[in-house]
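Before reading on, please take a moment with the sequence and the model shown here.

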Amino acid sequence: MTKRALVLAGGGIAGIAWETGVLRGIADEAPDTARDLLGAEILVGTSAGSTVAAQIGSGLGIEALYDRQLVTTSAEIDPGVSIETITGVFLAAMSDPDANVTEKLRRIGEIALSTPTVAEDVRRAVIEQRLPSHEWPDRDLRVTAIDTATGELVTFDRSSGVSLVDAVAASCAVPGVWPPVTIGPRRFMDGGVGSTVNMGVAADCDAAVALVPSGRSSPSPFGSGAVAEVDGFAAPTFGIFADDEALAAFGPNPLDPACRVPSAEAGRAQGRRVAADVVGFFSGLQ
């Protein structure tokens, strides 16, 4: 039996909406394939993708999850932080040309810890609202985050002794925007800081589908970027990257709650367009 992974990458509120929309669009055109995709043996979520993975793991159907993205009000908070500000965090961390990636990640962690944001409990309440269930599902759900002190990539699952809400909150703790999440003696920041997709977390799968809410030409501050990770993954992999219509729907700031509805709708339209290709990918695995 083929052990499949659904890998959901980071991309802000726009990414949550787009990934949900893509899955809804695939279900429109190819319901059996969507059922296989949503039932993947491994779910890997990074940042925005951790929210979508946890939502899928809740057991709520993709139709209901998509409808949740279309409501006109939500508990989401506009951080009032621009993409330029977030870029500045990365530039500050990379100012030392002699520092390695781990050292740069630790520097980002220092900035995350020192930047004033909303209180942790305020942000946690937003994550609670996002998740239909606050319990780990009885399936292999893997959520990534980064230790602010060490720069280490950490993967949480139901055996980690960490609540699902805290794991997702940690994975979504964008440095300079949201507070690092305290779990025991450690503090964690966004799992997408080093890699938005973290394909290596699914290294034990036999095949993977990756949803990445950025363009194939989007730059990466570290390494070769999501495209190289997806295309170079050891197992057969089908990557879905945001197309031009989706990128336009995201707008200038994917963290702005106002982008949620257009991003979901653009995702659904793209999902319909790529559904046949996903069917073909799955057929080729048999």
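## A hairpin and its neighbour

Ile 183 stands opposite Arg 186 in strand S6. The structure described here is a predicted model, and this pair belongs to a part of it where strand S5 (residues 181-183) and S6 are paired in the antiparallel sense over three bridges. Together S5 and S6 make a hairpin that has two residues between its strands, and in the turn Gly 184 has a positive phi of about 60°.

Strand S6 (residues 186-190) is also joined by three bridges to strand S3 (residues 140-147), and these two strands run antiparallel. Within that pairing, Met 189 in S6 is the bridge partner of Ile 146.

Strand S7 (residues 207-212) is mostly covered, since six of its six residues are buried. In a regular strand the side chains alternate between the two faces of the sheet. For S7 both faces are covered, with Ala 207, Val 209 and Leu 211 buried on one side and Ala 208, Ala 210 and Val 212 buried on the other.

Two strands are paired with S7 in the model. Strand S1 (residues 4-8) and S7 pair in the parallel sense over five bridges, and in this pairing Leu 8 stands opposite Leu 211 in S7. Strand S8 (residues 237-241) is likewise joined to S7 by five bridges and runs parallel to it, with Ala 210 standing opposite Gly 239 in S8.

## An enclosed helix

How many of the residues of helix H8 (residues 164-171) are buried? Eight of the eight are, so the helix is largely enclosed by the rest of the structure. These buried residues are Leu 164, Val 165, Asp 166, Ala 167, Val 168, Ala 169, Ala 170 and Ser 171.

Ala 170, which is found in H8, counts as buried at 0% relative accessibility. When residues up to four places away in sequence are not counted, Ala 170 touches Ala 145, Phe 156, Val 181, Ile 183, Phe 188, Met 189, Asp 190 and Gly 191. Arg 158 is twelve residues from Ala 170 in sequence, and the two are 15 Å apart in space, from C-alpha to C-alpha.

Two packed helices are described by the angle between their axes and the distance between the axes. For helices H3 and H8, the axes come within 7 Å and cross at roughly 155°. Because an angle over 145 degrees counts as roughly antiparallel, H3 is roughly antiparallel to H8. The crossing of these two helices is left-handed, and in the contact Ser 50, Thr 51 and Ala 54 of H3 meet Leu 164, Val 168 and Ser 171 of H8. By class, the contact of H3 with H8 has three nonpolar, three polar and no charged residues.

Helix H5 (residues 83-93) packs with helix H6 (residues 101-114) at an angle of about 130°, and their axes are 8 Å apart. That angle makes H5 oblique to H6, and the crossing of the two is right-handed. Val 89, Phe 90, Ala 92 and Ala 93 of H5 meet Lys 104, Arg 107, Ile 108 and Ile 111 of H6, and by class this contact has six nonpolar, no polar and two charged residues.

Thr 51 lies in helix H3 (residues 48-57) and counts as buried at 0% relative accessibility. Not counting residues up to four places away in sequence, Thr 51 touches Ile 16, Arg 130, Leu 131, Val 168 and Cys 172. Thr 46, found in strand S2 (residues 42-46), is buried as well, with a relative accessible area of 0%. Leaving aside its neighbours within four places in sequence, the residues in contact with Thr 46 include Leu 8, Ala 9, Gly 10, Thr 144 and Ser 171; also among them are Gly 191, Gly 192, Ser 195, Thr 196, Val 197 and Asn 198.

Is Gly 39 buried or partly exposed? Gly 39, placed in the loop between helix H2 (31-38) and S2, counts as partly exposed, at 44% relative accessibility. The C-alpha atoms of Gly 39 and Asp 147 are separated by 30 Å, the two residues being 108 residues apart along the chain.

Key. Residues numbered from 1 in each chain as written. Predicted model: local features only at pLDDT ≥ 70, side-chain atom pairs only at ≥ 80, totals over all residues. Heavy atoms only, no water. Axes fitted to C-alpha atoms, helices over the stretch in contact; angles between N-to-C directions. Helix = DSSP H or I, 4+ residues; strand = E, 2+ residues; numbered from the N terminus. Parallel < 35°, antiparallel > 145°, perpendicular 65-115°, else oblique. Left-handed = near helix turned anticlockwise from the far one by under 90°. Contact = heavy atoms within 4.5 Å. Nonpolar A, V, L, I, M, F, W, Y, C, P; charged D, E, K, R; others polar. Pairing = 2+ DSSP bridges. Buried < 20%, exposed > 50% of the residue type's maximum accessible area, 1.4 Å probe, protein only.
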